[in-house]
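Hi everyone, thanks for coming.

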Amino acid sequence: MTALLEHLRSHKTPDRWFAALRALVRTDSLWLLVLAAITGVLAGLAVSLITFATLLAHNLLAPGYKRLSGLEHVAPWRALLVPVIGGLLLGLWHYTLQRHNRHRPVDPIEANALHGGRMSLWDSLIVTGQTILSNGCGISLGLEAGFTQIGAAFGSRIGRNLRMHRADVRLLVGCGAAGAIGSAFDAPLAGAFYAFELIIGSYAFPLLAPVACASLCALAVVHLTGETLPAITMTIPQDIPPLAYLFLGVLGGVSALIGVALMKSSAYAEQIFAACIKPLWLRPMVGGLLVGGLAIISPTVLSSGHIAMRAGLISPPVLWAALGLLLLKAAASTLSIGSGFRGGLFFASLYLGVLTGAAFASVVAPVMDLPLELCTVAGMCALATAVIGGPLTMILLTLETTHCANLTAAVALAALVASFTVKRIFGYSFATWRFHLRGENIRSGVDVGWMRTLTVSRMMRTELDMLAADTTVATARTSFAGRMPRYIVLHNSQNHYAGLLESNLIQSITIAPDQPLSALVDHDGEVLSPEFSIGHAVAAFERTARPALAVTDRDGHVLGILSERYVLRRYAEELERTRRELAGEKHGK
């Protein structure tokens with residue numbers, strides 16, 4: 001603090017104060033903790049504001065009742081009209097953005113994996129607004145997409161404004177997401193490990209303090225604003241029979257299959273809507289009408305399903321009721337995503353997991369009388385793990401939600417079985433599955449963006465030694481004034497690339513002096529493009545087994561040379577830097 005005050009006294013203008021703060025943050029990790037706390041406070045304020053706005057909008061569907069999934073009945077005309085109007089507004093919003101050629105927003109996982117934590121605050125506000133509109137009109141999706149988007153964007157903006165290191169910006173993005181999830185679910189540990197498992201992509205002890213600090217600060221803000229729900233009171237068996245763990249493992253596998261089916265059906269729904277309804281603006285309107293029709297059957301499909309989930313934990317439904325509600329909620333969530341509404345499956349997967357556990361307990365009742373409450377809690381954790389992809393996050397969220405520490409082994413077993421099954425048969429979480437559909441090979445928030453930004457054009461050597469392809473060996477031996485370069489680039493009469501020659505070949509006494517240089521090179525035409533990433537370059541060297549390759553433009557003009565030795569050295573350096581960041585060594589100083 002003394003150093004900060006001294007800086008402020010010696011730097012009189014706001015710009016110089018900003019520069020002084022930037023210098024302190026870069027040199028003292030204590031100030032990184034302060035920035036993490038600020039990010040958490042902003043995330044908590046955003047969660048409170050988004051929740052308040054959404055609950056206010058819910059009055060359109062159920063005047064005087066803010067939590068839609070807890071309704072026993074909803075007026076049919078409201079159930080149809082409000083989602084349709086919301087879908088029309090969202091569709092027009094999409095159409096307007098499309099006309100202005102707005103690029104696709106970057107979410108926190110993609111930002112950390114590919115862009116060094118860079119996120120657009122304006123794009124994140126758009127995503128958050130669309131999420132509020134979608135959930136506010138009763139669509140069967142959760143608010144977590146908006147929560148994490150804006151929370152992470154605050155962290156990204158702070159880090160970028162202070163010109164912090166890439167690893168620090170990525171950390172603040174994780175802090176924003178941790179604060180958003182921790183405060184939204186009243187589960188600070190789950191929020192912290194959500195950031196580790198999904199946003200940052202790894203856990204390291206030096207990162208725990210800033211991430212946990214952000215989660216706790218956000219939770220404190222939400223508690224101060226009063227946007228929290230009362231704790232759940234459940235009757236949980238104190239002793240779990242050893243044989244029950246076998247059935248809980250089966251429940252984890254069943255939950256994984258349901259989760260995979262839900263993720264795939266969401267992708268199929270998008271394809272069906274795109275094929276059947278060509279106007280982009282019309283799809284959310286049709287989707288809202290279909291979801292409204294399902295809400296007439298059961299209002300529990302409306303909104304995120306958080307209240308219905310809590311009711312299911314306290315008083316689990318019987319077999320056929322659970323199966324019916326499971327199908328309705330899954331269909332409503334699938335239609336919501338497929339028609340273009342904004343939101344996530346985090347909240348929905350928790351409710352679906354409760355219904356899965358209740359149905360499973362009824363099915364296995366003739367074999368073993370498992371407590372309904374035990375199965376609903378384990379099912380909630382397992383299905384959420386299958387969809388979201390963070391087993392430790394879901395285990396902690398389940399324990400913090402139910403306040404039942406004696407279920408640790410049970411929920412951990414179900415979550416781990418679900419996670420392992422999904423990885424074996426599918427390989428994606430909901431977020432990474434959607435990346436895969438867009439052609440992005442991202443499995444987590446681990447930083448792989450350096451492989452795309454470190455291109456051939458940045459690594460190649462542009463100082464070239466060139467000769468015409470028809471030059472004779474004797475002439476080449478005397479062309480470089482007493483020195484012999486390692487590589488000679490050959491060109492034809494149109495000044496196009498004609499081959500890359502190692503100079504030791506022309507020094508050999510077995511080569512005839514009158515032989516043209518073009519006869520000494522391979523003519524397979526293997527070259528590199530300047531926009532190739534380091535990954536493409538490594539693959540090209542492995543494929544050709546050559547020590548160097550030429551870099552050419554689209555017209556065949558030579559731009560430079562890249563050697564395998566240099567590429568592998570840069571690759572090793574970047575891998576070591578990534579390893580240090582994953583281990584938290586950057587933040588441990």
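So, there are five salt bridges in here. By salt bridge I mean a side-chain nitrogen of Lys or Arg within 4 Å of a carboxyl oxygen of Asp or Glu. Before the details, some housekeeping: this is a predicted model, where local features need pLDDT of at least 70, side-chain atom pairs count only at pLDDT 80 or more, and totals for chains, interfaces and linings use all residues. Residues are numbered from 1 along each chain as its sequence is written, and side-chain values use heavy atoms, with hydrogens and water left out.

Why would such pairs form at all? Well, side chains of opposite charge can pair when their charged atoms come close.

Let's take Glu-110 and Arg-104: their closest N and O atoms are 3.0 Å apart. Is Glu-110 buried or exposed? Buried, at 2% relative accessible area, while Arg-104 is partly exposed at 38%. The cut-offs here are under 20% relative accessible area for buried, over 50% for exposed, and partly exposed in between, using a 1.4 Å probe and protein chains only.

Next up, Arg-543 and Glu-526, with closest N and O atoms 2.9 Å apart. This pair links distant parts of the chain, 17 residues apart: Arg-543 sits in helix α23 (residues 534-544), and Glu-526 in the loop between β3 (497-502) and α23. Helices (H or I, at least four residues) and strands (E, at least two) are DSSP runs, numbered from the N terminus. Arg-543 is exposed, at 55%.

Then there's Glu-573 with Arg-569, at 3.3 Å between the closest N and O atoms. Both are in helix α24 (residues 564-582), four residues apart, about one turn of the helix. Glu-573 is partly exposed at 39%, and Arg-569 is partly exposed at 43%. Arg-570 joins these two in a network of salt bridges.

Okay, on to the rings. How many aromatic pairs are there? Nine, if we pair rings of Phe, Tyr and Trp (its six-membered ring) with centres within 6.5 Å. Planes under 30 degrees apart count as stacked, over 60 as edge-to-face, and the rest as tilted.

Phe-193 and Phe-196 have ring centres 5.4 Å apart and planes at 70°, so they're edge-to-face. Both lie in helix α9 (residues 188-200), three residues apart, and Phe-196 is buried, at 1%. Phe-196 also pairs edge-to-face with Tyr-203, with centres 5.0 Å apart and planes at 90°. Tyr-203 is partly exposed, at 41%.

Last one: ring pairs link Phe-185, Tyr-194, Phe-346 and Phe-347 into a cluster.
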